[in-house]
Amino acid sequence: MVVRMLRRAFAVAYVPAGLAFIVIVCAGVYAGYLNRTLHAQSMRAEVQTKINLIRAKLEGHISANIQLVRGLAATIETEPDMSQERFAALAGNLFREETQLRNIAGAPDLVVSLMYPMAGNERAIGLDYRTNPDQREAALRARDSRRLVLAGPVELRQGGVGIIGRFPIFIRNGDGSERFWGILSAVIDVNEVYRDSGLLDPDLGLEITLTGKDAKGVTGARFLGERDLTADHPVTADVTLPSGSWQIAAIPAGGWVYTPDNALLLRSILGLAILAVVGPIFYAGRLYGERANSYAKLAQREQELARLSQRLSLALDASKIGVWEHKVDTNEMVWDDRVNELYGLPQDGKMRVYEDWVGAIHPDDLDRAQRDFEIAVVSRSDYGSEYRLLTADGTVRHVRTKGKFVEANGDEARLIGAEWDVTEDVRLREDLERARFLAEMRNAELEAAKVRIEHNSLHDPLTGLPNRRYLDQLLENISTAGAVEDTALLHIDLDRFKQINDTLGHAAGDAMLIHAAKVLKENVRRTDFVARIGGDEFVVLCLSPGIESGLSDLADRIIEEMRKPVPYHGHQCRFGVSIGIAVESGKDADPKRLLVNADIALYRAKSRGRSRHEFFTPALQAEIVGTKRMADEILSGLERQEFITYYQPQVDGSTFDIAGVEALVRWNHPRRGLLAPGYFLKTAEELNVVANIDRMILEQSLADFRGWEAKDLNVPRLSVNVSARRLQDGELIASLQDLDIPRNRLAFELVESIFLDDNDDLMIWNVNQVKELGIDVEIDDFGTGYASIVSLQKLKPRRLKIDRQLIMPIVASVKQRRLVESIIEIGKSLDIEIVAEGVETMRHAELLREIGCDYLQGFAFAKPMSAQDIERFVLSHRPRKPKAARG
């Protein structure tokens with residue numbers, strides 16, 4: 001009945017008012033929504049109109065500037081050798097137009113040498129696009145794609161910001177092929193483009209961003225605008241460029257304001273409607289509802305009390321909590337069935353006494369349990385305790401009890417409380433404590449293992465020094481912190497360590513490494529960092545090292561200490577060290593660059609004789625870079641067959657008739673032209689490709705030699721230089737057998753210092769096998785090395801070539817002439833023919849003929865020449881004396 005009354009009261013009081021309120025609010029919300037939608041569409045349309053106008057102006061200005069420059073690019077294609085004056089005249093015509101061009105630059109071979117206007121742009125002359133990190137990628141992309149590439153906006157070398165259009169220019173050759181001339185760059189002043197397009201108009205009322213740096217569209221970087229507008233739902237438009245696109249995005253300067261001007265009026269009308277319709281209905285219903293509500297509350301309290309009683313009963317049964325009451329004055333106790341069950345007593349509802357409670361407590365917990373109870377009774381405070389029960393059947397239970405002191409309205413004092421079994425909780429807590437203890441022990445073991453592993457990962461197990469990983473981390477930390485301005489690194493490499501390792505074994509090598517580590521630690525400062533970073537490589541890192549002389553003194557001390565003999569099992573082991581030193585100083589110091597620079601300096605120290613130290617310098621780096629560039633060019637030259645054969649005639653010493661030719665290597669470099677071996681041979685030896693060059697020259701020479709025979713040209717013999725690396729090739733003889741070499745027509749020239757008085761068995765075997773193939777052996781540059789008569793008897797060469805250093809002085813020096821004559825006599829006594837090289841004049845030729853030299857070679861007869869020139873030389877050569885001057 002109460003419920004029905006409440007429902008009726010609620011219906012009378014609130015339903016009509018609520019329905020009226022809902023209808024009015026819904027109508028107002030919908031009207032506001034339509035109003036805001038129309039306002040937002042109007043705002044976006046207005047912004048779209050403005051940026052479409054800006055987009056059109058941007059496209060028009062940039063395209064107009066690009067079209068002006070295309071004509072100049074076409075003119076350069078027809079005049080590739082255009083001078084600065086011609087370039088300035090043509091470019092000046094473009095600047096007479098209404099344009100935003102700032103300057104135009106021509107970069108033949110990607111280096112800027114043409115510029116208009118020159119004034120204010122002098123700093124750009126000499127700019128190499130290939131080395132400029134800001135412009136390299138765009139310039140190479142224009143060259144490789146053969147299309148216009150827009151870059152920017154970029155910071156200009158001559159100052160300011162511009163958009164750069166790069167036109168790749170290719171010149172058509174006479175044979176129809178094309179070659180790359182370079183880049184024509186037009187710099188468009190970006191601020192003028194912005195101004196003329198209206199972007200900088202203070203009355204525009206828009207916040208604008210431009211995205212797509214380098215004309216990469218939405219994937220490019222933002223280059224105009226202080227922040228990203230994506231989250232503000234901007235209006236966008238694509239700016240189509242001759243090479244790519246930009247994206248323009250805009251919002252109103254104050255952001256999107258979606259509240260229309262008439263919003264306040266609509267809300268006011270809605271409020272008045274609600275008050276006029278809903279107010280009276282709501283007031284009348286409220287008076288009726290208050291009366292019905294009072295009856296409903298009374299009925300609700302009665303139902304709540306019944307529910308609480310039921311819930312308490314269910315909670316006690318479910319939780320197995322017992323309830324007790326203790327009368328303090330009489331010590332009488334009332335226990336419910338659950339408490340009797342806990343204490344092992346019958347569930348009979350009888351009154352219990354204090355002794356029943358005391359008798360069931362475990363003897364070990366009795367004193368503490370009684371003390372807790374007495375404190376609560378004396379102080380009339382809340383009671384709480386936890387103890388064990390020992391039942392008659394020997395069962396032990398852990399119980400927890402809580403009680404509250406009750407004394408009111410003259411009633412006797414009582415403690416009323418609850419008690420429950422916590423045996424499982426206690427056991428779980430004990431298990432958890434035991435598990436926690438075991439986990440802590442395990443964690444301690446793992447932490448110790450982690451420390452050991454981390455230490456091992458950062459230290460060398462042999463010497464105990466930090467390793468390369470530790471060094472890298474330290475350099476990274478120093479670089480990140482940036483606190484130390486001066487840093488030096490000594491890169492130390494042990495000399496002759498491999499010989500000790502190979503002869504006395506790895507144990508001896510390990511002992512030497514341990515000794516080296518000890519020497520380093522004893523000679524550096526306490527603040528210096530010593531590490532072993534490789535097999536026989538160490539580093540010393542010095543923070544704030546001071547002047548260079550201090551580093552030199554440190555390096556000299558280390559070198560001196562390392563030279564001292566180290567006793568090992570009856571042996572006196574000696575080794576040295578080479579040290580490369582690199583220093584980084586100033587605010588721009590880069591500690592991570594130290595190891596690379598010190599390694600370059602170490603390479604220089606080793607190349608200059610070892611057991612010394614060298615400092616890294618920019619000049620040394622440039623030299624290394626140059627050597628690396630040459631090495632790359634040599635490898636590319638081998639792939640492109642750029643190494644070609646030139647020939648120098650050899651003539652009979654008596655008749656001056658052609659007796660043969662010597663094959664000489666030349667490098668037909670694509671940029672430097674024809675290069676002699678002195679320019680590239682040392683680098684080729686370091687690259688270990690001299691044997692490849694030897695093989696290439698041998699194959700070319702044999703092909704030319706067969707061609708001469710087919711033309712019936714009289715070239716009796718062909719001499720080819722062979723390097724030591726080629727003689728040490730185990731596949732040499734097999735490769736020669738595949739070449740079908742004519743017997744007794746080919747000679748291998750071996751440098752005197754290669755192997756004479758040496759005991760390289762493979763080299764000696766290869767030489768003997770070469771002879772078996774009918775190939776003569778000649779000793780080149782004889783007199784500059786250290787060959788003995790015994791070695792000549794052992795090798796038995798067919799010819800000796802006396803070095804030009806001995807031949808040149810014979811005209812002016814009788815003593816030198818006698819020396820050469822002695823060599824000729826020794827050769828004849830050993831049945832060895834003599835070839836004199838470096839015969840520069842007719843006087844040299846006459847003197848050598850007088851002392852009995854068998855063959856002559858030099859500029860007095862002919863310079864080295866190509867195979868085609870040799871053919872003409874042989875056809876025109878007659879057995880007569882050569883000209884006296886060099887030809």
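Colleague: Which residues does Ile600 touch, not counting residues up to four places away in sequence?

Modeller: In this predicted model, Ile600 touches Phe616, Leu620, Gln621 and Ile624, once residues up to four places away in sequence are set aside.

Colleague: Is Ile600 buried or exposed?

Modeller: Ile600 has a relative accessible area of 13%, and because buried means under 20%, Ile600 counts as buried.

Colleague: How should I read the way two helices pack, and at what angle do the axes of H14 and H15 cross?

Modeller: Two packed helices are described by the angle between their axes and by the distance between those axes. Here the axes of helix H14 (residues 594-607) and helix H15 (residues 618-639) come within 10 Å and cross at roughly 80 degrees, and the two helices are therefore roughly perpendicular to each other. The contact is made by Asn597, Ile600, Ala601, Tyr603 and Arg604 on the H14 side, which meet Leu620, Gln621, Glu623 and Ile624 on the H15 side.

Colleague: Which residues of helix H24 are buried, and what do they pack against?

Modeller: In helix H24 (residues 842-850), the buried residues are Met842, His844, Ala845, Glu846, Leu847 and Leu848. Just after H24, Gly852 takes a positive phi of about 90 degrees.

Colleague: How do I read a salt bridge, and how many does a search of the whole structure find?

Modeller: Side chains of opposite charge can pair when their charged atoms come close. A search of the whole structure finds 57 salt bridges, among them one in which the side chains of Asp431 and Arg434 meet at 2.4 Å, N to O. Asp431 and Arg434 both lie in helix H9 (residues 423-458), 3 residues apart, which is about one turn of the helix. Asp431 is partly exposed, with a relative accessible area of 40%, and Arg434 also counts as partly exposed, at 47%.

Colleague: Which salt bridge links distant parts of the chain?

Modeller: The side chains of Glu709 and Arg745 meet in a salt bridge at 2.8 Å, N to O. This pair links distant parts of the chain, since Glu709 sits in helix H17 (residues 690-710) while Arg745 sits in the loop between helix H19 (732-737) and strand E27 (746-751), 36 residues apart. Glu709 is partly exposed at 38% relative accessible area, and Arg745 counts as partly exposed at 25%. Elsewhere, salt bridges that share partners join Arg717, Asp776, Glu778, Arg798, Arg799 and Glu833 into one network.

Colleague: Which residues make a nonpolar surface patch?

Modeller: Tyr30, Tyr33 and Leu34 make a nonpolar surface patch of about 330 Å². Tyr30 lies in helix H1 (residues 2-78) and is exposed, with a relative accessible area of 52%.

Colleague: What percentage of the residues of the protein count as buried?

Modeller: Of the 887 residues of the protein, 42% count as buried. The protein has 25 helices and 31 strands, and it exposes about 47800 Å², of which carbon and sulfur atoms supply 53%.

Terms used:
Residues numbered from 1 in each chain as written. Predicted model: local features only at pLDDT ≥ 70, side-chain atom pairs only at ≥ 80, totals over all residues. Heavy atoms only, no water. Patch = residues over 30% accessible without salt bridge, like charges linked within 9 Å, V, L, I, M, F, W, Y side chains within 5 Å. Areas by Shrake-Rupley, 256 points an atom, 1.4 Å probe, with all protein chains shown as cover. Salt bridge = Lys/Arg side-chain N within 4 Å of Asp/Glu carboxyl O. Helix = DSSP H or I, 4+ residues; strand = E, 2+ residues; numbered from the N terminus. Buried < 20%, exposed > 50% of the residue type's maximum accessible area, 1.4 Å probe, protein only. Axes fitted to C-alpha atoms, helices over the stretch in contact; angles between N-to-C directions. Parallel < 35°, antiparallel > 145°, perpendicular 65-115°, else oblique. Contact = heavy atoms within 4.5 Å.
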